[in-house]
Amino acid sequence: MPKPAASLASLLPQLWHRPFSPPPRLPRALSSSSSSLLTTRHIPRSRFRSSPTTHLGAAATAVTTAADPVEPPTANLYPLYDRLLPCPSQDYPPRIEHLVARKDEVAGDFISRSLSLPPLYVADLIKFGAVYYALVAPQPPPYAAPEHVRIFREVTEPSLLRRRASIKGKTVREAQKTFRVTDPSQHLEAGTYLRVHVHPKRFPRNYEIDWKSRVVATTDSYVVLNKPAATAVGGSTDNIEESCVVFTSRALGLESPLMTTHQIDNCSEGCVVLSKTKEFCSVFHGLIRERQVKKLYLALTTGPVSPGIVTHYMRPLNRAPRLVSEDHIGGWYLCQMEILECKKVPWPKPLITKVHKVDNCGWPKQEAAYECKINLMTGKTHQIRAQLAAIGAPIVGDSAYMTGAIAAKANPSINPYGRESLNYSSEEEKAAAVEAWVACHGKEPKSVIGLQASEISWDYEGERHYHKAGVPWWRQDAVESDLV
């Protein structure tokens, strides 16, 4: 008898500790029932370890054996469900489930049965791009629970892998590469790994926008969009449905969906070029690599910034917050931006900050702000935001970096990469200081910050392409006109 599904980990460990019982009614929008362990056996809390710093470290792992009593799934175990819409105004806590099929399965049925989720809910998760598979389970992280590690070793045992036809000719690393599941009826070979994002990140602002009014220009090859803040250009890891690409394509009635050519932060607004063809996508990527695309930004800062080139070096770690240093550090990325002008402007009116849900981040109230025009010379993630915060002029509403700037203003030596950093006696002491500095930063903004991709231009085949976004939100006198 083949073993039932083995759930490798959960990012919402408290769900694993509830008594096994039929789940409650599932509210409209993204909500979820308790995960079924496919066994009536009680799993004591002492079996699981947790970590306050990471979701997977807090993961619970459960596995059943052939001798375990398994209850066959029944329809009445599924909660009532009304689709993923309407979109909730707030995200549910992250929850990611990791599964391994112990026999040949159909993706949708397997996920529904293993996690006690309604089949329609699972189908919608797949449509959102929230379900991934790999032929072979990936290596568990260092903080994984012992059961997680044990199951990984069991399903990746070399003699077992050699018998799988689907991975012949592939290295283990190649077989561990993840892809999106695109159809609930997709066949899963025994041993296939699944990662299910049960609570995808949502983007409610998408449903408030008049997307046609945000289109700056359209040609045979591309569309320029004045992207609203609190939206994602191409979606997120677990949600490709609620994106600028999808909503703009629908608004324009395009038969083929638009494609992303570059990104700006979710909390930023302004010019984004979306491609209509693969050919233009390739051309534009080439222009970006050759630094032939010029981008000008407007940033609303809390303090004045002197005109000229600002240079920092960014830590090569793909994780927020992005730390920068004025001193050169080997292996760190060069970050340069040119402040073209900086002028004093009124602080945004209370009505405007309320409409756009601007976070004050604990910054002292002041009468004036400063609008900086910036030529972005290098294009690193969060570059403008991190650099401006590092020089003591954080962007208005930027909860991720303004809190760090506030901490550095109160105690300049807290920044281990700042001009007034302390001398550390050991690498361990320096590492602890870095972690303390990271902890001074806040969470990524969920609404708008004072940053607009104001202008974008490039030359191609003798033709000049220039596009400009509309008036930035902080200059507006009334409620934004494109809110439905």
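Visitor: How many residues does the protein have, and what share of them count as buried?
Guide: There are 484 residues, and 52% of them count as buried. Keep in mind that this is a predicted model.

Visitor: How many helices and strands are there?
Guide: The protein has 11 helices and 18 strands.

Visitor: And what share of the contacts comes from residues 24 or more positions apart?
Guide: Taking the contacts with a separation of 6 or more, 76% are between residues 24 or more positions apart.

Visitor: Okay, let's zoom in. Where does Arg202 lie?
Guide: Look in the loop between strand 7, residues 193-197, and strand 8, residues 215-218.

Visitor: Is Arg202 buried or exposed?
Guide: Buried: its relative accessibility is 4%, and the cut-off for buried is under 20%.

Visitor: What does its side chain make a polar contact with?
Guide: The side chain of Glu242, at 2.7 Å. Arg202 also has Pro88 at 7.4 Å, C-alpha to C-alpha, although 114 residues separate the two in sequence.

Visitor: You mentioned strand 8. What does strand 8 join up with?
Guide: Strand 9, residues 222-227; the two run antiparallel, with three bridges between them. A hairpin of three residues connects strand 8 to strand 9.

Visitor: Which residue in strand 9 stands opposite Ala217?
Guide: That's Val224.

Visitor: New topic: how many aromatic pairs does the structure hold?
Guide: Nine. One of them is Trp211 with Phe247, a tilted pair because the ring centres are 5.8 Å apart and the planes sit at 40 degrees.

Visitor: Which parts does that pair tie together?
Guide: Trp211 is in the loop between strand 7 and strand 8, while Phe247 is in helix 6, residues 244-251, so the pair ties together parts 36 residues apart in sequence. Trp211 and Phe247 are both buried.

Visitor: What about Tyr222 and Phe280, how are their rings arranged?
Guide: They form a stacked pair, 5.0 Å centre to centre with 25 degrees between the planes. Tyr222 belongs to strand 9 and Phe280 to helix 7, residues 278-289, so to speak a link between distant parts of the chain, 58 residues apart. Both Tyr222 and Phe280 are buried.

Visitor: Tell me about helix 7, then. How many residues does it have, and how far does it reach?
Guide: Helix 7 has 12 residues and reaches 17 Å from its first C-alpha to its last, close to the 16 Å expected.

Visitor: Which of its residues are buried?
Guide: Phe280, Cys281, Phe284, Gly286 and Leu287.

Visitor: And what do those pack against?
Guide: Four strands are listed here: strand 9, strand 10 (259-260), strand 11 (269-275) and strand 17 (451-460). After helix 7 comes Arg291, which has a positive phi near 55 degrees.

Visitor: Where is Glu241, and what does it touch?
Guide: Glu241 lies in the loop between strand 9 and helix 6. Leaving aside residues up to four places away in sequence, Glu241 touches Lys127, Phe128, Val246, Phe247 and Arg250. Glu241 counts as buried because its relative accessibility is 13%.

Visitor: Last topic, strand 15. Which strands does it pair with?
Guide: Strand 15, residues 333-346, pairs with strand 13, residues 308-314, in the antiparallel sense over seven bridges. Strand 15 also pairs with strand 16, residues 368-376, again antiparallel, over nine bridges.

Visitor: Which residues are bridge partners there?
Guide: Tyr313 has Leu334 of strand 15 as its partner, and Pro346 has Ala368 of strand 16.

Visitor: And what lies over the face of Tyr333?
Guide: Lys380 does, at 4.6 Å from the ring centre.

Key:
Residues are numbered from 1 along each chain as its sequence is written. This is a predicted model: local features need pLDDT of at least 70, side-chain atom pairs count only at pLDDT 80 or more; totals for chains, interfaces and linings use all residues. Side-chain values use heavy atoms; hydrogens and water are left out. Buried means under 20% relative accessible area, exposed over 50%, partly exposed in between (1.4 Å probe, protein chains only). A polar contact is a pair of N or O atoms within 3.5 Å; within protein, one must be able to donate a hydrogen and the other to accept it, and residues adjacent in sequence count only if both atoms are side-chain atoms. Two strands pair if DSSP finds at least two bridges between them. Rings of Phe, Tyr and Trp (its six-membered ring) pair if their centres lie within 6.5 Å; planes under 30 degrees apart count as stacked, over 60 as edge-to-face and the rest as tilted. A charge sits over a ring if NZ of Lys or CZ of Arg is within 6 Å of the ring centre and within 35 degrees of the ring normal. The expected span of a helix is 1.5 Å times one less than its number of residues. Contact means heavy atoms within 4.5 Å.
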